[in-house]
Amino acid sequence: MADNELPVDQVATMDLNDDAVQRHQFSDRVLIKSILTRPDGGAGLAGRQVRVGGWVKTGREQGKGSFAFLEVNDGSCPANLQVIVDKDVADLGQLVPTGTCVYVEGMLKNPPEGTKQKIELRVQKVVDVGMVDPAKYPIPKTKLTLEFLRDRIPFRPRTNTIAAVARIRNALAYATHTFLQKQGFLYIHTPIITTSDCEGAGEMFQVTTLISDADKLEKELIKNPPPSEADIEAAKLVIKEKGEAVAKLKSDKAGREAISASVTELTKAKENLAKLEERSKLKPGIPQKDGKIDYTQDFFARQAFLTVSGQLQVETYACAVSNVYTFGPTFRAEHSHTSRHLAEFWMVEPEMAFSDLKSSRKYTILAESKKRLYELHDDMNCAEAYVKFMCDWLLDHCFDDMEFMAKNYDKSCINRLRMVASTPFERITYTEAVELLEVAVKEGKHFENKVEWGIDLASEHERYLTEVKFQKPVIVYNYPKGIKAFYMRLNDDLKTVAAMDVLVPKVGELIGGSQREERYDVIKSRIEDMGLPLEPYEWYLDLRRFGTVKHSGFGLGFERMILFATGIDNIRDVIPFPRYPGRADL
Ligand SMILES: NC(=O)C[C@H](N)C(=O)O
């Protein structure tokens, strides 16, 4: 790596004796981050000639219009660079509206004593301007509600909040790959289009070309109507005539050439009839067979959907190359309008061969540079170590953005990251969890949803456990089999499965995972018991028929992790392009 190619996240720790500016490698400018996030706030760069580009957050003309102050942000860090332009250099009126793009060159200077910033840029040349008409700019003011911004998706990233969320999201993705790659996991790209329903819950978006094909056909048939019965009868008559002509020539012992020409005509007439008959079968609308939609006519010659989870497919790789993960978009066609659900969301799904949910081995994991002894619950340990790694990562790499979140959204978000990074997660069985909830009810706690063994824990129950009872992350494991998916391993009690959910303060369920059922007979009867058809899962059963292995994994809802980290309330604000019932902008 060349000297001037410091990874962006290391710029802040660079050697201050080196007062050269860090030129961006692929554009003729300096990232504002590399000026402002130095430990000296950029002061040591005074006297340096730089080019910067960015968007004006706020701008104002001063000194009776003789110069302008611009707060410029290029997204590389939350802080703005103060830029000063004299009226001789540019038309100041064009530069000051919020949202204007400026690409300027000048000299970095130390501002006068008593000002809050450590460095500012005096512009000598305006290289380029992307103007804004303030009367028409979609987000003219600086303080806007997140709800208002959801109607301005293309311009949301220009706001401090959405840009900070983008940096935090990016850091969490980087942390995810770093953590898993370090542990030797292979990143596997599982399909977006799938023909198996992982969760067996039927909340899938269908992928089909039948509707657009039907639309096209309908238009085509209007332009070019199908043959009528009479057309077909006429074509049949032509064949009859041509056939008779051939027969006549033959009986007249006509020449070979004449007969062959006549046979050619007969063949053409037959082909014509075949075509007409084929077209006469074309019917507008979705193709049907035996009163049902005929999916053999669909693009994939079968029903297909958007994936709800990459788990089943990634298991084929876990059962071959042992440690794998998938990280991609997943889709659920749930009509839920909550602040915790999206129709399109991202999931990180590690899957590990030779690992179970709970075994008695002893194991050490590193957290916050301190070695601690854990009882090995492979799947739980991996989930816990991963969450802790992400918390540490944000504290180390995104502290300025986290400070912004603490100031504007959630005072406790930094402490929450510290607490989670350093506190062992509580681990309780589902049965213990229900008992604790029952005790809470006896002591007067009111829940909307009834508490009894066998229920699926509701969000209020999960949050009580993590926020009130333990005040730290809680892993609940060994759930009743009746409320969990078919692929989870049946425990010896035959009542529960080796499933686990990681519950965290602020969001409740962050992770759901399990040891997978590796025994052929057991999983087959689980699929049958749940009333699911066997045929679509035959390939999955094959993994148990041939070279089966104990394995486990989990799924982390990536947006939930961002909610947890930032303290933002609505999941629609932590994904760049939210999709939810009634909305899919852009
Ligand atoms: N990979 C996982 O275990 C996640 C699980 N399939 C889910 O969708 O919740």
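Helices (H or I, at least four residues) and strands (E, at least two) are DSSP runs, numbered from the N terminus. The model is predicted, so local features need pLDDT of at least 70 and side-chain atom pairs count only at pLDDT 80 or more, while totals for chains, interfaces and linings use all residues. Residues are numbered from 1 along each chain as its sequence is written, and side-chain values use heavy atoms, with hydrogens and water left out.

Just after α4, Gly-184 has a positive phi of about 80°.

Next, display the open sheet of 8 strands, ordered β6-β12-β13-β20-β19-β18-β17-β16 with mixed pairing, where two strands pair if DSSP finds at least two bridges between them. Because β6 (186-187) and β16 (426-429) each have a single partner strand, one side of each is left without a neighbour in the sheet.

Move to β18 (residues 496-504), which pairs with β19 in the antiparallel sense over 6 bridges; Met-500 stands opposite Gly-513 in β19.

Finally, select Glu-517, in the loop between β19 (508-515) and α14 (520-529). The side chain of Glu-517 reaches the backbone nitrogen of Leu-490 at 2.9 Å.

Methods: Polar contact = N/O pair within 3.5 Å; in protein donor to acceptor, adjacent residues only side chain to side chain.
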